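Q: Can you walk me through this one? I have not seen it before.

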Amino acid sequence: MVRSVRDHNGDFVYFGVGRFKDKNASVSQHTDNDFQEAIMEYQSLNYLKSTGVLDAATTEMMRRPRCGLKDKHNTVQNKSVESFVLHKSRWEKKHLTYGITKYSKWLHWSVVDREIAKAFSLWSEHIDLTFTQHRNEPVDIDIRFEKYIHHDENPFDGPGQVLAHAFIPKHGGDIHFDDTEHWTVNSTNGTNLLQVATHEVGHSLGLLDTRDQSDAMYFAYLGYDPNFQLSRDDIFGIQRLYGKKNRYRSWHDGENNIGMASNTITSRPSVAQESELCTSKNIDAIFQTDDDSTIVFLRNKYYKLLQNEVAPGYPKDISDGWPGLPGNIDAAFTYENGKTYFFQGNKYWRYRGRQIDGDYPREISDGFPGIPNNLNAAMLWWNSNSTVYFFKDRKFWLYDPNTTPPVKPSYPKPISNIEGLPDQIDAALHHPNGNMYFFRGDKYYRVDGKSSTVDHSGQPYPRRTASWWFGCKNLTRDSTHLTNYEHF
Ligand SMILES: [Zn+2]
Ligand SMILES: [Zn+2]
């Protein structure tokens, strides 16, 4: 039934939102039953008489400002228990952080902080999650006030209509407010920030839009409500996802949910990829993407690695893979929220997949206070998806955005504290198999997380990166290693 109100991306569009302006064009292109069906569907969803005619009541409903939840599968569903739960997309940990990285022009930042905190607390009153605001990156939920095109695939539409949108947890949980709206507090003028923020936080936690006007998750904004609160069904919905407050203690804490890949020996690659990687004296950076590809950066090229070899078709230009990103990257890692950070000199860039995620580059000293410029390597620590290790020269820094300050005074520490590592490294990777890999020159070391020491099993480390990782064959030395590949 909703087929005819999906756009070409498969995204649900409230018929009229975004398209309403060129309604006539739509009509002329869709004189078939689809159009009428779409209108009828829209009307029935909104408790209007289902006539299929675009009458005054229907256009009035379409004009109402609303939320633009960003999810391919968002539909306004029938009111039932399941209607509140979107694909069971939820956060798998209890203590979440958020940051407001771009404020509104309409309200003082301290007011925005307060209202956003209220919005989170309306939900956390009923579930065992905590939300803490952080001023430093990285955070779980990034909140910003944006206008028009703003680095995701969903530009805002200017005043009216779409007021805000949010990503469900599996898409990162971020929240964007359209700052061409006049955001207000305790006023019948403009658009009430608390009400819209509460609704968007609901999405950010995994809830759907509803069609009951008493819900905070109702898909349209109905004007300022001085007695605004969550409805019984909002609470029921959020508790379906996270359990009731104080009653879910045994719930999987999810802080250490790294998939431990089996440690099997893989078959030998059939085709060797002879590339610059095979002869290079070192690599610039190595990291996992949010879809679990392992990527190596060397100068202005990148290489995707399969198990023990370079994937066919590589290298490619970094500027093609991550538009806006320069070559000669110093360090890179993907954070637990799926965002990838790149560092070069005194700057860093943040990407959501292959798309830049805001106004970057920014200064490392702004986003990562306490971390030096001109890094050598960065990676997540083995038992924490939120703690980042940075390496430069002979030292390393532990960066934990959940503490203040994020870098403890006891850092930096010498890399030689990690037994068996050289005193300097070029690149580092926390592999999903649970091991950490440190690259220096044309060799690498494998470190077992639990013991924090270089692995002593099998062939000794350091091993030759070209043969164990890149599948290079025409090596003049180390030819005996050709039958050996790093175990993933
Ligand atoms: Zn919504
Ligand atoms: Zn957005």
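Predicted model: local features only at pLDDT ≥ 70, side-chain atom pairs only at ≥ 80, totals over all residues.

Q: What is the mean pLDDT of the chain?

A: The mean is 78, and 76% of the residues reach 70 or more; pLDDT is the predictor's confidence in each residue, from 0 to 100.

Q: Where does pLDDT stay under 50?

A: Over residues 247–273, for which the model has 39 contacts beyond four places in sequence (a contact means C-beta atoms, placed from the backbone, within 7 Å). Residues 476–485 are also below 50.

Q: Which residues of helix α6 are buried?

A: In α6 (residues 232–242) they are Asp234, Ile235, Gly237, Ile238 and Tyr242. Buried means 20 or more other C-beta atoms within 10 Å of the residue's own, with C-beta atoms placed from the backbone. Helices (H or I, at least four residues) and strands (E, at least two) are DSSP runs, numbered from the N terminus.

Q: Why do they line one face?

A: Seen down the axis of α6, they fall within an arc of 160°, so they line one face; the arc is that of the directions from the helix axis to the C-beta atoms.

Q: What do they pack against?

A: The buried residues of α6 pack against α4 (109–124) and α5 (193–204).

Q: Switching to strands, how many bridges join β14 to β15?

A: 4 bridges join β14 to β15 (residues 339–344), and the two run antiparallel. Strands pair if DSSP finds at least two bridges between them.

Note on methods:
Residues numbered from 1 in each chain as written. Chains lettered and ligands numbered in written order. Buried ≥ 20, exposed ≤ 12 C-beta atoms within 10 Å, placed from the backbone. Contact = placed C-beta atoms within 7 Å.
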